[in-house]
Amino acid sequence: MTKPVRVALLGCGTVGAEVVRLLHEQAADLTARVGAPLELAGIAVRRIGRDRGPLPVDPAVFTTDPLGLVKRDDVDVVVEVVGGIEPARGWLVEALRAGRSVVTANKALLAEDGASLHDAAAEGGADLYYEAAVAGAIPLLRPLRESLHGDTVTRVTGIVNGTTNYILSAMDGTGAGFAEALEQATELGYAEADPTADVEGFDAAAKAAILASLAFHTRVSAADVHREGITEVTAADMASAKAMGCTIKLLCLAARDADGSGAESVSVRVHPAMIPLTHPLAGVGDAFNAVFVEARAAGQLMFYGRGAGGAPTASAVLGDLVAVARNRLAGVRAASESAYAALPIRPIGEAVTRYHISLDVADRAGVLAAVAGVFAGHGVSIATVRQAGRGNDAELVVVTHRAPDAALAATVAELRDLEHVRAIVSVLRVEGDA
């Protein structure tokens, strides 16, 4: 029999435990697919005595020394599902430099410092795979990394966080406010006890950076991503969206555009936005993820499925593990990082967007003219305007045409100081032809 491929597993939480179970349950099939058995050399955990349920492994494989496990001579592949920046970065750099292939689900590390991992992989001649880092079991990164390499991807638009999608779907479907929908998501296990990373957009921003890096052959980090969360989205915003034939989603938007001179750049942003109900992403509900990719030759592509959870994420990890194990047996390495384009990152102020703005105004003559004057002063064209309510309940709702985001932001800032505008009730971007 061919010598086994020895695997070091770093982390044995929800995802890690599922990886162990799948390795055991599908051992025969995985051996046939790889051409050799996949064998656990060790599992690094923080506490050995923790209850992880019935796992089909010898307790002797557990260790509290992850770096020591990574450095062992009998380890061929390292699988990391711990998460976080440090000490995971040190472990993976050590493994890659030593020529050991790495499979990781660590979106935070890849988004903050994927460059150090790619450089270490190149130095050690090792594979670095991370399908599980974005959108769980959905086969998304490999199509961007390999299948579309003969094409030019121009835009990636996605719902890549299940928690926020569940909350916004609940708000849209029931009329609930943000706090109520978050409470429901927490009770059902969709939201963590501390949901900050999800509801403030940090998780989606990390995934957006990874997607943009692959799609546009440019190193993009989380620091390059404009980020806004969903905590300010209200039931009134949802009602306004419905009135326009729209819904609200937390979107990851990455685009490759050329200016008037033909110079190309990349913009990457995460924020809540109104999208028309006719858009393919509008019907993505519950905690599902979906990513809409546009390419010059391939046209429009849609990837949809469960974006999180132990089993879906472990499925993506196992898919990568089979790939790197086969490469190792064949003595080959997968295509390395493609960052040749090195396109500049365009700041949010230069991105061309549309705004939906709700203003609490005094019901007096001349207010609309004054508001329109502010928009005109910043070169922003108004698409639609309507007034709801009377007297103290008067509200003006303005939807703009597309304009540079900086001009729209300056317009909103001036409106705050305009006489008879009592408050800016809400500001949301609009995507698509709503």
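Predicted model: local features only at pLDDT ≥ 70, side-chain atom pairs only at ≥ 80, totals over all residues.

Author: Is Thr400 buried or exposed? Its relative accessibility is 0%, and because buried means under 20%, Thr400 counts as buried. Which residues surround Thr400, once those up to four places away in sequence are left out? Thr400 touches Arg354, Tyr355, Phe375, Val380, Ser381, Ile382, Ala383 and Leu408.

From this residue the account may turn to a sheet. An open sheet is built from 6 strands in the order 3-2-1-4-5-6, and the pairing is parallel. Strand 3 (62–63) and strand 6 (128–129) stand at the edges; each has a single partner strand, so one side of each has no neighbour in the sheet. Strand 4, residues 77–80, pairs with strand 5, residues 101–104, in the parallel sense, and the pairing runs over 4 bridges. In one of these, Val77 has Ser101 of strand 5 as its bridge partner. Packed on the sheet is helix 12 (residues 310–330), which touches strand 1 (5–10), strand 2 (38–44), strand 4, strand 5 and strand 6. The direction of helix 12 makes about 170° with that of strand 5.

The nonpolar cores come next. The largest has 79 residues, and those with the most contacts inside it are Val78, Leu140, Leu144, Val153, Ile167 and Leu211. Helix 10, residues 202–216, gives the most to this core, namely 11 residues. Ile167, leaving aside its neighbours within four places in sequence, is in contact with Phe178, Ala181, Leu182, Ala185, Val199 and Ile230.

Two packed helices are described by the angle between their axes and the distance between the axes. For helix 5 (residues 107–124) and helix 10, the axes come within 8 Å and cross at roughly 55°, which means that helix 5 is oblique to helix 10. The crossing in which helix 5 passes helix 10 is left-handed. On the side of helix 5 the contact is made by Lys107, Leu110 and Ala111, and on the side of helix 10 by Asp203, Ala206, Lys207, Ala209 and Ile210.

Conventions. Residues numbered from 1 in each chain as written. Heavy atoms only, no water. Pairing = 2+ DSSP bridges. Helix = DSSP H or I, 4+ residues; strand = E, 2+ residues; numbered from the N terminus. Contact = heavy atoms within 4.5 Å. Axes fitted to C-alpha atoms, helices over the stretch in contact; angles between N-to-C directions. Buried < 20%, exposed > 50% of the residue type's maximum accessible area, 1.4 Å probe, protein only. Core = buried A, V, L, I, M, F, W, Y, C linked by side-chain atoms within 4.5 Å. Parallel < 35°, antiparallel > 145°, perpendicular 65-115°, else oblique. Left-handed = near helix turned anticlockwise from the far one by under 90°.
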